[in-house]
Amino acid sequence: MDKARILLLDAAPGELMARELDRLLGHGLEITLNLRRVTDHTGTRETWGDRVEFTDFDAFDESALTAATVRGGEGYDALKSRAGVPLRARFLAAATDPALARALRVIGRAGAGFDHVELPAAARHGVTVTHTPGSNAGAVAEFALAQLLALTRDLPAHNATAHRGVWRAPAAPAAQLSELTLGIAGLGRTGSALAGRAAALGMDVQGLSRQPRAGTPARPVRSLTALLTTSDVVSLHLPLTAETRGMIGRAELASMRPGSILLNTARGGIVDEQALADALRDPGHPLAAAAVDTFAHEHAAFASPLFGLPNALLTPHVAGMTRSAISTAALHCADHIAALLGGRPEGVPVVSA
């Protein structure tokens, strides 16, 4: 029986790529590696050329992605993505065309989010979607805590003025963490990890969640309004769904405590970026600052009305990018894909529409 073929849209970066490729090869998979995000093309070809095939295309260009997937009428049994390449209905139809030698059967995401896949279309075409929930929970929780500390102590502004040679004393002393209430929207793995870290630093922590994890130190609140109106810092840790899309808009921002801070390491679509930008531009608005790591438009399409605002701390979706988190996600994703291709779905996390 022929080996199953997998297309790696974006391998783990740097030295972690070798661990991922070894894991996939160890599962007996035939690999095609997209070199577009690989730094050392020559070295990669020299090291892996006898075991791995190569391609080079922009996976965020749907036409290029489709062409690479169906080239020669061969097709792939599985795709793996780390950066959340959009996999929409038109692509899924092409990748599962019965005329291909291999129709797509499995999509693996080395990460927790799965909103990049059009799940109803995947289900219609018989494609199973797996991901790695919790693989970056600690990394994202640490990053949210870093955002919190940076903004509560006004570090970006102090850094900017110091680099200009200006000795800037704060107009008023900053609050210590033990004086602040942290509100967490979403007490899954990441939200709970943040709750534990924040509580250990003396913060009063409360959270909103349908299914909070056992042992979380966060006090439960009953509604988003209650969370927003009683928290000094609000951190978002929710998936992007039809229910959460746009859940933080003008009315929600206006209901926040005076001097409050919003952190978003979840998904860009949860927050109305234009409403957030307008709030941050208004000196009379209760929201004082925001830290945003995820945006409605990312990668080559990166654009946001938040650009240029001094009280907006912006980062390019890097909260979960630690060595440990990326390695864990890549290896678990490889295991999940191999198990599903081998007809062993027990214990593999799959996502349904």
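Trainee: In what order do the 7 strands of the open sheet that contains S9 and S13 stand, and is the pairing parallel or mixed?

Mentor: Strands of a sheet pair through backbone hydrogen bonds, either parallel or antiparallel. In this predicted model, where local features need pLDDT of at least 70, side-chain atom pairs count only at pLDDT 80 or more, and totals for chains, interfaces and linings use all residues, the order is S9-S8-S7-S10-S11-S12-S13 and the pairing is parallel. Residues are numbered from 1 along each chain as its sequence is written, and side-chain values use heavy atoms, with hydrogens and water left out. Helices (H or I, at least four residues) and strands (E, at least two) are DSSP runs numbered from the N terminus, and two strands pair if DSSP finds at least two bridges between them.

Trainee: Which strands stand at the edges of that sheet?

Mentor: Strand S9 (219-220) and strand S13 (312-314) do, and because each has a single partner strand, one side of each is left without a neighbour in the sheet. The partner side of S9 can be followed to strand S8 (residues 204-208), to which 2 bridges join S9 in the parallel sense, with Arg219 in S9 as the bridge partner of Gln206.

Trainee: Which helix packs on the sheet by touching S7, S8 and S10?

Mentor: Contact means heavy atoms within 4.5 Å, and by that criterion helix H8 (residues 189-200) touches strand S7 (181-185), S8 and S10. The direction of H8 makes about 170° with that of S7, where axes are lines fitted to C-alpha atoms, for helices over the stretch in contact, and angles run from 0 to 180 degrees between N-to-C directions. Helix H11 also packs on the sheet, touching S11, S12 and S13, and its direction makes about 135° with that of S12.

Trainee: How many residues of strand S11 are buried, and which strands does S11 pair with?

Mentor: Buried means under 20% relative accessible area, exposed over 50% and partly exposed in between, with a 1.4 Å probe and protein chains only; in S11 (residues 260-264), 5 of its 5 residues are buried. Ser260, Leu262 and Asn264 point one way, while Ile261 and Leu263 point the other way. S11 pairs in the parallel sense with strand S10 (residues 233-236) over 4 bridges, Val234 having Leu262 as its bridge partner, and 5 bridges join S11 to strand S12 (residues 287-292), again parallel, with Leu263 opposite Ala291.

Trainee: Which unit do S11, H11 and S12 make?

Mentor: A crossover is right-handed if, with the strands pointing away from the viewer, the path from the first strand over the helix to the second runs clockwise; S11, helix H11 (residues 273-281) and S12 make a right-handed β-α-β unit.

Trainee: Turning to a helix, which residues of H1 are buried?

Mentor: In helix H1 (residues 16-26) they are Leu16, Met17, Glu20, Leu21 and Leu24. Seen down the axis of H1, these residues fall within an arc of 135°, so they line one face of the helix; the arc is that of the directions from the helix axis to the C-beta atoms. Their cover includes strand S1 (5-8), strand S2 (30-34), helix H2 (41-48), strand S4 (78-81) and helix H12 (323-341).

Trainee: Does Phe143 count as buried or partly exposed, and what does Phe143 touch?

Mentor: Phe143, in helix H6 (residues 137-152), counts as partly exposed because its relative accessibility is 21%. Not counting residues up to four places away in sequence, Phe143 touches Thr265, Asp293, Thr315, Val318 and Ala319.
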